[in-house]
Amino acid sequence: RVNENVTLFDLAQHFGLSKQYVCRLFKQHLKASATETILAYKMAWASEYLEVSALNVNQIAEKLGFENVYYFSRRFKQFYGVSPSAYRKRK
């Protein structure tokens with residue numbers, strides 16, 4: 001679920017695999033770490049929310065499982081090159 005803070009341990013436990021094996025599977029098949037993949041998924045949702053909803057940045061961060069809106073904003077800017085507010089304005 002997108003609004004939960006999913007960890008590598010959670011994924012491994014869910015599928016009954018070791019953390020090391022899950023890491024290897026992500027790298028082999030997706031060419032990215034589990035953490036990077038989860039973040040990309042959440043950032044895709046964040047951009048969608050910014051484009052089509054009236055939710056503010058705090059609400060979006062909370063909805064996506066980020067405990068800190070500043071951390072969310074910083075990661076969003078690293079991912080898209082602009083802040084969430086600037087992203088919303090340009091769309």
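**Figure 1. Contacts of serine 47 in the predicted model.** Leaving aside neighbours within four places in sequence, serine 47 touches Phe76, Tyr80 and Tyr87. The model shown here and in the other views is predicted. Serine 47 belongs to helix H3. Its relative accessibility is 8%, so serine 47 counts as buried. Two of its partners, Phe76 and Tyr80, lie in helix H5, and serine 47 is itself among the H3 residues that meet H5.

**Figure 2. The crossing of helices H3 and H5.** Helix H3 covers residues 34–52 and helix H5 covers residues 69–80. Their axes come within 11 Å and cross at roughly 95°. An angle from 65 to 115 degrees counts as roughly perpendicular, and H3 and H5 are therefore roughly perpendicular to each other. On the H3 side, the contact is made by Leu39, Ala40, Met43, Ala44, Ala46, Ser47 and Leu50. On the H5 side, Phe72, Arg75, Phe76, Phe79 and Tyr80 take part. The residues of this contact divide into ten nonpolar, one polar and one charged.

**Figure 3. The ring pair of tryptophan 45 and tyrosine 49.** The structure holds eight aromatic pairs, and one of them joins tryptophan 45 to tyrosine 49. The ring centres are 5.7 Å apart and the planes stand at 40°, a tilted arrangement. Both residues sit in helix H3, four residues apart, and are thus separated by about one helical turn. An α-helix has 3.6 residues a turn, so residues three or four places apart point the same way. Tyrosine 49, at 13%, counts as buried.

Figure 4. Phenylalanine 79 counts as partly exposed at 39% relative accessibility. Tyrosine 80, at 26%, also counts as partly exposed. Both residues belong to a cluster linked by ring pairs, whose members are Phe66, Tyr71, Phe72, Phe76, Phe79, Tyr80 and Tyr87. Of these, Phe76, Tyr80 and Tyr87 are in contact with serine 47.

**Figure 5. Helix H2 and lysine 31.** Helix H2 runs over residues 19–30 and has twelve residues. From its first C-alpha to its last, H2 reaches 16 Å, close to the 16 Å expected at 1.5 Å a residue. Which residue follows H2? Lysine 31 does, and its phi is positive, near 60°. Lysine 31 has this positive phi although it is not a glycine. The residue lies in the loop between H2 and H3. With a relative accessibility of 67%, lysine 31 counts as exposed.

**Figure 6. The setting of the close-up views.** The protein has six helices and zero strands. Along the sequence, the pattern is α-α-α-α-α-α. Taken along the principal axes, the C-alpha atoms fill a box of roughly 40 × 20 × 20 Å. The protein has 91 residues, of which 29% count as buried; serine 47 and tyrosine 49 are included in the buried class. Among contacts with a separation of 6 or more, 48% are between residues 24 or more positions apart.

Key:
Residues are numbered from 1 along each chain as its sequence is written. This is a predicted model: local features need pLDDT of at least 70, side-chain atom pairs count only at pLDDT 80 or more; totals for chains, interfaces and linings use all residues. Side-chain values use heavy atoms; hydrogens and water are left out. Axes are lines fitted to C-alpha atoms, for helices over the stretch in contact, and angles run from 0 to 180 degrees between N-to-C directions. Angles under 35 degrees count as roughly parallel, over 145 as roughly antiparallel, 65 to 115 as roughly perpendicular and the rest as oblique. Contact means heavy atoms within 4.5 Å. Ala, Val, Leu, Ile, Met, Phe, Trp, Tyr, Cys and Pro count as nonpolar, Asp, Glu, Lys and Arg as charged, and the others, Gly among them, as polar. The expected span of a helix is 1.5 Å times one less than its number of residues. Rings of Phe, Tyr and Trp (its six-membered ring) pair if their centres lie within 6.5 Å; planes under 30 degrees apart count as stacked, over 60 as edge-to-face and the rest as tilted. Buried means under 20% relative accessible area, exposed over 50%, partly exposed in between (1.4 Å probe, protein chains only).
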